[in-house]
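I opened the model today to look up a few points and wrote them down in the order I checked them.

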Amino acid sequence: MIARHEVLLSLYGVWRLFLRDPRGIEWLDVSIEGFWKSFFCAVVVLPIFGVWVFIRNSGLEDVGFIRLVTVEGIGYVVQWVTWPLVMAYIAPAIGRDDNFIRYIVAFNWSAGIYVCIYLIVIGIKLSGIVSGGGLALIGLVAAIVILSYHWYIARIALAVSGGGAAGLVAGEFVLAHMIDAVGQNLMR
Amino acid sequence: MVTLLKNILLTAIALAVLVIVEHWLGITAAFIGVGVCFLAYVLLITWRQMRDETDEN
């Protein structure tokens with residue numbers, strides 16, 4: 001079981017990375033044990049994800065609660081597992097086997113930062129202070145901030161070139177959207 | 001490490017398939033599907049064990 005101070009230290013580490021401080025990685029536990037503990041972040045961000053799911057699916061009237069929880073729950077687990085699994089094959093192929101755990105630990109804990117960004121977007125949406133077009137722009141800016149953050153994590157943690165990191169972020173982005181699209185189709 | 005992640009992913013995919021079957025064909029078909037898959041799984045394990053025992057002999 002993970003201790004509270006470990007969660008806080010890890011979140012502080014990824015916050016430092018968000019501020020473009022490469023020493024943020026030193027705050028993370030990059031052991032095998034730390035690798036598994038980083039998946040605990042899925043539990044940490046679960047309440048915010050729950051709010052996001054509730055808002056996103058509020059327009060669906062013919063979908064039952066059990067179906068919603070089942071489909072979103074499966075999608076959530078798949079989202080958390082797929083990218084580390086894909087990277088387990090990509091990292092050795094690109095000669096970054098040694099940095100794999102470091103990257104996944106940083107990537108997993110970074111979810112704590114990007115859900116905070118989405119929480120801000122959700123807050124703006126719920127408050128109604130910004131219109132539809134403005135909200136779309138804020139959403140786009142949030143997406144760019146998150147993608148550039150993932151790019152930085154890939155560059156620092158995996159020690160790859162800027163282009164290589166961009167390719168990985170693009171792959172992760174497409175994969176996440178494919179999983180999300182399948183989940184949304186299951187709702188219909 | 002990879003094996004565990006793979007098993008979790010396969011379980012999640014199997015659950016997603018079950019949700020699709022339930023949505024298209026109903027809860028009865030989903031229960032039958034679970035039963036058939038469980039039976040197939042037991043048979044697979046039995047067959048593997050028998051094969052390993054034959055190899056040892």
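This is a predicted model: local features need pLDDT of at least 70, side-chain atom pairs count only at pLDDT 80 or more; totals for chains, interfaces and linings use all residues.

**Entry 1: a tyrosine**

Is A:Y12 buried, exposed or partly exposed? I find 15 other C-beta atoms within 10 Å of A:Y12, so the residue is partly exposed; burial would take 20 or more, and exposure 12 or fewer. A:Y12 lies in helix α1 of chain A, which covers residues 4–18. I then looked up A:I113, which is 101 residues from A:Y12 in sequence. In space the two are 9.6 Å apart, C-alpha to C-alpha.

**Entry 2: chain A overall**

I went through the secondary structure of chain A and noted 9 helices and 0 strands. Read from the N terminus, the elements run α-α-α-α-α-α-α-α-α.

Next I checked the dimensions. Along the principal axes, the C-alpha atoms of chain A fill a box of roughly 50 × 35 × 35 Å. The radius of gyration of chain A is 17 Å, which agrees with the value near 16 Å for a compact globule, because that is what 188 residues would give.

I also looked up burial and contact range. Of the 188 residues in chain A, 27% are buried. For contacts between residues at least 6 apart in sequence, 68% join residues at least 24 apart.

**Entry 3: helices α8 and α9**

How do α8(A) and α9(A) pack? I have α8 of chain A at residues 132–157 and α9 of chain A at residues 162–187. The crossing of α8(A) past α9(A) is right-handed.

I listed the residues that meet. From α8(A) they are A:L147, A:H150, A:W151, A:A154 and A:R155. From α9(A) they are A:G162, A:A165, A:A166, A:L168, A:V169, A:E172 and A:F173. Sorted by class, this contact has 8 nonpolar, 2 polar and 2 charged residues.

**Entry 4: the side facing chain B**

Last, I looked at where chain A touches chain B. I count 11 residues of chain A in contact with 10 residues of chain B. Which helix gives the largest share of the chain A side? That is α5 of chain A, residues 65–93, with 10 residues. By class, I noted 9 nonpolar and 2 polar residues on the chain A side, and no charged ones.

Notes:
Residues are numbered from 1 along each chain as its sequence is written. Chains are lettered from A and ligands numbered from 1 in the order in which they are written. Axes are lines fitted to C-alpha atoms, for helices over the stretch in contact, and angles run from 0 to 180 degrees between N-to-C directions. Helices (H or I, at least four residues) and strands (E, at least two) are DSSP runs, numbered from the N terminus. A crossing is left-handed if the near helix is turned anticlockwise from the far one by less than a right angle, and right-handed if clockwise. Two residues are in contact if their C-beta atoms, placed from the backbone, lie within 7 Å. Ala, Val, Leu, Ile, Met, Phe, Trp, Tyr, Cys and Pro count as nonpolar, Asp, Glu, Lys and Arg as charged, and the others, Gly among them, as polar. The radius of gyration is taken over C-alpha atoms; the globule rule is 2.2 Å times the number of residues to the power 0.38.
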